Amino acid sequence: MQKTYDPEIDELIEKLTSPWDGGPSAGYAMVVDEDVAQRAAEMIYELYKKLEMYDAEHYNQQIGG
């Protein structure tokens with residue numbers, strides 16, 4: 001998965017794409033179906049990129065570009 005350069009978004013995507021919970025439970029437990037997690041991570045990344053383009057467009061309009 002590509003990076004967004006937003007640490008919070010990247011961390012969320014990393015957690016989503018890692019379906020294993022290594023928490024305090026006795027063993028490892030599957031928390032999210034791998035396909036669902038992968039698709040969710042892709043959607044978050046795509047939305048982030050769209051938002052980034054919108055922000056750049058809005059900034060250019062503000063400075064008259």
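Q: In this predicted model, what links R39, E42 and E46?
A: A network of salt bridges links R39, E42 and E46. R39 pairs with E42 at 3.5 Å, N to O, and R39 also pairs with E46 at 3.9 Å, N to O.

Q: What makes the pair R39 and E46 a salt bridge?
A: The N to O distance is 3.9 Å, and the cut-off is a Lys or Arg side-chain nitrogen within 4 Å of a carboxyl oxygen of Asp or Glu. R39 and E46 therefore count as a salt bridge.

Q: Why are R39 and E42 about one helical turn apart?
A: Because both sit in helix 2 with a spacing of three residues.

Q: Are R39, E42 and E46 called buried, exposed or partly exposed, and why?
A: Partly exposed is the label for R39 at 41% relative accessibility, for E42 at 29% and for E46 at 41%. Buried would need under 20% and exposed over 50%, so values in between are called partly exposed.

Q: Which residue forms a salt bridge with E52, and where do the two lie?
A: K49 does, with the closest N and O atoms 2.9 Å apart. Both residues belong to helix 2, three residues apart, about one turn of the helix. E52 is partly exposed at 35% relative accessible area, and K49 is partly exposed at 27%.

Q: Why is T4 called buried?
A: Its relative accessible area is 0%, and buried means under 20%, so T4 is buried. T4 is found in the segment before helix 1 (7–17). Beyond its neighbours within four places in sequence, the contacts of T4 include Y45, Y48 and E52.

Q: How do you know that the buried residues of helix 1 share a side?
A: Helix 1 has D10, I13 and L16 buried. They cover an arc of only 125° around the axis, so they fall on the same side of helix 1. They pack against helix 2 (34–62), while the face turned away carries the exposed residues P7, E8, E14 and K15.

Q: What makes up the largest nonpolar core?
A: Five residues do: I13, L16, A37, A41 and Y45.

Q: Which element has the lowest mean pLDDT, and which the highest?
A: Strand 1 (residues 20–21) has the lowest, 58, and helix 2 the highest, 85. Where pLDDT is low, the predicted coordinates should not be read in detail.

Definitions and conventions. Residues numbered from 1 in each chain as written. Predicted model: local features only at pLDDT ≥ 70, side-chain atom pairs only at ≥ 80, totals over all residues. Heavy atoms only, no water. Helix = DSSP H or I, 4+ residues; strand = E, 2+ residues; numbered from the N terminus. Buried < 20%, exposed > 50% of the residue type's maximum accessible area, 1.4 Å probe, protein only. Contact = heavy atoms within 4.5 Å. Arc of directions from axis to C-beta. pLDDT = per-residue confidence, 0-100. Core = buried A, V, L, I, M, F, W, Y, C linked by side-chain atoms within 4.5 Å.
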